[in-house]
Amino acid sequence: MKTIYYKTESEIQKIRESSLIVSKALAEVGKAIKPGVTTAELDKIAESFILSQGARPAFKGYKGFPATLCVSVNAQVVHGIPGGYTLKEGDVVSVDCGVVKDNFYGDSAYTFGVGKISEDTAKLLRVTKESLYKGIEEAVEGNRIGDVSAAIEEHAEAHSYGVVRELVGHGIGRNLHEAPDVPNYGRKGNGVKLQRGLVIAIEPMINMGKRDIKQEADGWTVTTKDGKPSAHFEHTVAIGKGKAEILTTFDIIEKTEAAQF
Ligand code: MG
Ligand code: MG
């Protein structure tokens with residue numbers, strides 16, 4: 001089993017700082033999301049902002065990934081590469097961002113709507129975000145990873161959505177991805193016991209249709225097999241006593257028009 005690194009308070013403070021930069025970067029991206037904007041332009045906005053904060057984009061160069069953001073539109077689930085695609089009214093666009101500063105990482109994702117989106121899609125976004133918070137409620141000392149996973153799965157499946165299984169949340173700290181894995185499905189009472197010092201990224205990827213996914217030929221982009229939309233929300237979270245501490249924040253992101261769901 002891979003080693004789990006428990007963080008000191010001063011290390012959690014560093015993750016808190018990186019997480020705040022990620023949140024602000026996503027808010028900058030959110031402000032720019034509208035019909036006619038390319039996903040490459042969003043990437044540029046995030047990169048300049050992160051560099052202006054004395055931090056570095058965590059994804060660029062990670063296993064060869066070429067960009068600052070993962071931008072995944074509509075049926076794309078995660079790991080979309082920003083490029084020439086022009087956003088259009090009704091699209092939903094998941095933006096995933098990671099930052100490293102002072103050797104510690106922060107990681108967060110938000111799914112935005114472009115202009116007016118359908119009621120069905122808005123509901124998918126809302127339920128996916130709710131699933132994330134249901135998981136976070138369980139991220140407390142004495143619980144287990146399976147409690148987080150089961151809470152996410154139950155909420156999404158109660159709405160008959162597909163919960164992606166192949167991609168999972170993760171520990172985070174001096175590395176972007178650390179043990180333990182944080183699946184978005186599972187059984188209560190199973191898995192690693194949660195204790196203070198553990199910092200995890202919880203990130204449900206929820207499909208409007210079936211849970212099955214496929215890998216695109218670019219080697220990165222993951223899409224739904226049935227072509228239906230998918231949503232993705234992620235917070236970096238420190239395990240707490242009685243209550244988790246969410247180190248990233250959606251508060252500033254949700255001041256933007258693209259995030260009114
Ligand atoms: Mg992420
Ligand atoms: Mg992550």
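Q: How are the donor residues of the magnesium ion (ligand 2) spaced in sequence?
A: This is a predicted model. The protein donors of the magnesium ion (ligand 2) are D107 (OD), H170 (NE2), E203 (OE) and E234 (OE), lying 2.1 to 2.3 Å from the ion. Written along the sequence, the spacing of these donor residues is D-x62-H-x32-E-x30-E.

Q: Is E203 buried or exposed?
A: The cut-off for a buried residue is a relative accessible area under 20%. The relative accessible area of E203 is 6%, so this residue is classed as buried.

Q: Which residues supply the protein donors of the magnesium ion (ligand 1)?
A: The donor atoms lie 2.0 to 2.6 Å from the magnesium ion (ligand 1). Along the chain, their spacing is D-x10-D-x126-E.

Q: Which residue bridges the magnesium ion (ligand 1) and the magnesium ion (ligand 2)?
A: The two ions lie 3.1 Å apart. The bridging residue is D107.

Q: What is the relative accessible area of D107?
A: D96 in strand β4 (residues 92-101) and D107 in strand β5 (residues 104-113) are 11 residues apart. D96 is buried, with a relative accessible area of 7%. D107 is buried as well, and its relative accessible area is 2%.

Q: Which strands stand at the edges of the five-stranded open sheet?
A: The sheet has the order β8-β7-β9-β14-β15, with antiparallel pairing. An edge strand has a single partner, so one of its sides is left without a neighbour in the sheet. The edge strands are β8 (178-182) and β15 (245-246).

Q: In β14, what is the bridge partner of I200?
A: Strand β9 (residues 199-202) pairs with strand β14 (residues 235-238) in the antiparallel sense, over four bridges. Within β14, the bridge partner of I200 is V237.

Q: At what angle does helix α1 run to β14?
A: Helix α1 (residues 9-32) lies across β9, β14 and β15. Helix α4 (residues 145-158) also packs on the sheet, where it touches β8 and β9 and makes about 40° with the direction of β8. For helix α1 and β14, the angle is about 160°.

Q: What is the relative accessibility of L26?
A: L26 has its place in helix α1. Its contacts beyond four places in sequence are V95, C97, S108, A109, Y110, F112 and I253. L26 counts as buried, because its relative accessibility is 0%.

Q: What is the handedness of the crossing of α1 and α2?
A: The axes of α1 and helix α2 (residues 39-52) come within 9 Å and cross at roughly 145°. Residues including I21, A25 and V29 of α1 meet residues including L42, I45 and F49 of α2. By class, this contact has nine nonpolar, no polar and two charged residues. The crossing is right-handed.

Note on methods:
Residues numbered from 1 in each chain as written. Chains lettered and ligands numbered in written order. Predicted model: local features only at pLDDT ≥ 70, side-chain atom pairs only at ≥ 80, totals over all residues. Heavy atoms only, no water. Donors = N, O, S within 2.8 Å, 3.2 Å for Na, K, Ca; no water. Helix = DSSP H or I, 4+ residues; strand = E, 2+ residues; numbered from the N terminus. Buried < 20%, exposed > 50% of the residue type's maximum accessible area, 1.4 Å probe, protein only. Pairing = 2+ DSSP bridges. Contact = heavy atoms within 4.5 Å. Axes fitted to C-alpha atoms, helices over the stretch in contact; angles between N-to-C directions. Left-handed = near helix turned anticlockwise from the far one by under 90°. Nonpolar A, V, L, I, M, F, W, Y, C, P; charged D, E, K, R; others polar.
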